[in-house]
Amino acid sequence: MNVPRLVVGGATSGVGKTSITCSIIHALRKRGYSVQPFKVGPDYIDPSYLSAAAGNTARNLDSWIMGDKAVMRSFVKNSTSDISIIEGVMGYYDGFSGASNFSSTHHVASILQTPSILVLDASRTARSIAATALGYTKFHRNSRIAGFILNKIGSKKHEMMCREALATLKIPILGCIPKNQSLSLESRHLGLIPATEQTEIRQKISKMSREISKFIDVDSIALIASKAPMLAYQKETKDKKPQITIAVALDKSFNFYYYDNFDALKRHGAKIEFFSPISDARPPPCSGLYIGGGFPEVLGQPLAKNQMMKKAIRELAEDSMPIYGECGGLMYLTKSIDYEKKKFQMVGLFDAQTSMEKKMVLNYTSGTAISDCVVATKSSQFFGHEFHYSELKSIPKDAKFAYKMTIGTGIKNKKDGLIEYNTLASYMHLYFARSRHASNFVKHCIKYSRR
């Protein structure tokens, strides 16, 4: 199967991968190509920028959460545009541990047999940049690096010195981008601010991409992408006929989802309908709720003010409707969220308070289910990730948990997934297409609908 494709990796985090990837996508679209974006790693925010730039929904590729086969399957299934562009994560070889490149950008590039462009921060260096570049090309037997983009160039003289230094590597320089503070994206405590959240940010992405793309050799990039080797055809599984509806919270407060999760639910017979916990009075008619991650603390006031929605969700939970919440969804289902010296009253299904902390929790996760729940059966294994600044306080001693973590932090004492009625909410994010999470959830929803 012919899939023109390219990875945009970085020597380190913070070198400008997202801005440059958006700019490459912008330039390709200007030349008439349709582009399908992907993001390596368990990231929800960068994909929103890529989606805005491409006009197509970005998909995640993560070998730890998905497994190698699912990475290939999802990539091939979703690569229906002229070119697929994959933004990397962290440094090019950074992954699960320091001992191997597992789950790194390079690992995903290897799974997908894809050439890579490496973004280098050229500030504060000239000839020495060649040592960095040489290290990356020689560190692994097959680095897959097919070109470099130099970011934060100080002047024409600086650019010339960097080009002279890199000439001996005989790997093309595909862009030299001048240092410009306005060509960067705003950040928040979990990274960049989601593009879905502000019209101004989407406008800035467009302007930034237009400016940066002037300094990128997009024709050479398209040529490199076109020479990527053929991939094996991946057999697709047809969706079952919809049997139930699952309502998914999607607005400015909740928008961290793997879109492959929606596809997995559809394959097992679910129809997906979206609703807003901020502006709607209640969820649409459904047999299950899915409340993903996001920034409920930032939107605490409008969430707290929507008494009708909070009451409706609490009543549905008490009626034993299957409800699944992740991170932001967990926070929303607690009694309150403390943020910037304010307390916002939430749904109150779980007898605990959410407090924002200064310390970040960021881990891949794995472990075993210790209780049956809406997405897993007891003793089944799971793989996921956690990424948050909040912590649950005043958790009752008799609280029931679904998961015991072997890797990760969880909610308390290496346990995650609070259970109340037929509701499960955890800090951990799961990838539904790897295990039986989607089929389990749909089965619970069908059982509820037939009462």
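Here are a few notes on the cysteines and salt bridges in this predicted model.

1. Ground rules. Residues are numbered from 1 along each chain as its sequence is written, and side-chain values use heavy atoms, with hydrogens and water left out. As the model is predicted, local features need pLDDT of at least 70 and side-chain atom pairs count only at pLDDT 80 or more, while totals for chains, interfaces and linings use all residues.

2. Cysteines. A disulfide here is a pair of cysteine sulfur atoms within 2.5 Å, and the count comes to 0. For Cys286, the nearest cysteine sulfur belongs to Cys445, 8.1 Å away. For Cys327, the nearest is that of Cys373, at 17 Å. Cys286 is buried at 16% relative accessibility, and Cys327 is buried at 6%. (Buried means under 20% relative accessible area, exposed over 50%, partly exposed in between, with a 1.4 Å probe and protein chains only.)

3. Salt bridges. You'll find 17 of them, each a side-chain nitrogen of Lys or Arg within 4 Å of a carboxyl oxygen of Asp or Glu. Arg59, Lys77, Asp260 and Asp263 are linked in a network of them.

4. A pair between strands. Asp121 and Lys152 form a salt bridge at 3.8 Å, N to O. Asp121 sits in strand S5 and Lys152 in strand S6, 31 residues apart (strands are DSSP runs of E, at least two residues, numbered from the N terminus). Asp121 is partly exposed at 28%, as is Lys152 at 29%.

5. Lys335 and Asp351 meet at 3.4 Å, N to O.

Methods:
Helix = DSSP H or I, 4+ residues; strand = E, 2+ residues; numbered from the N terminus.
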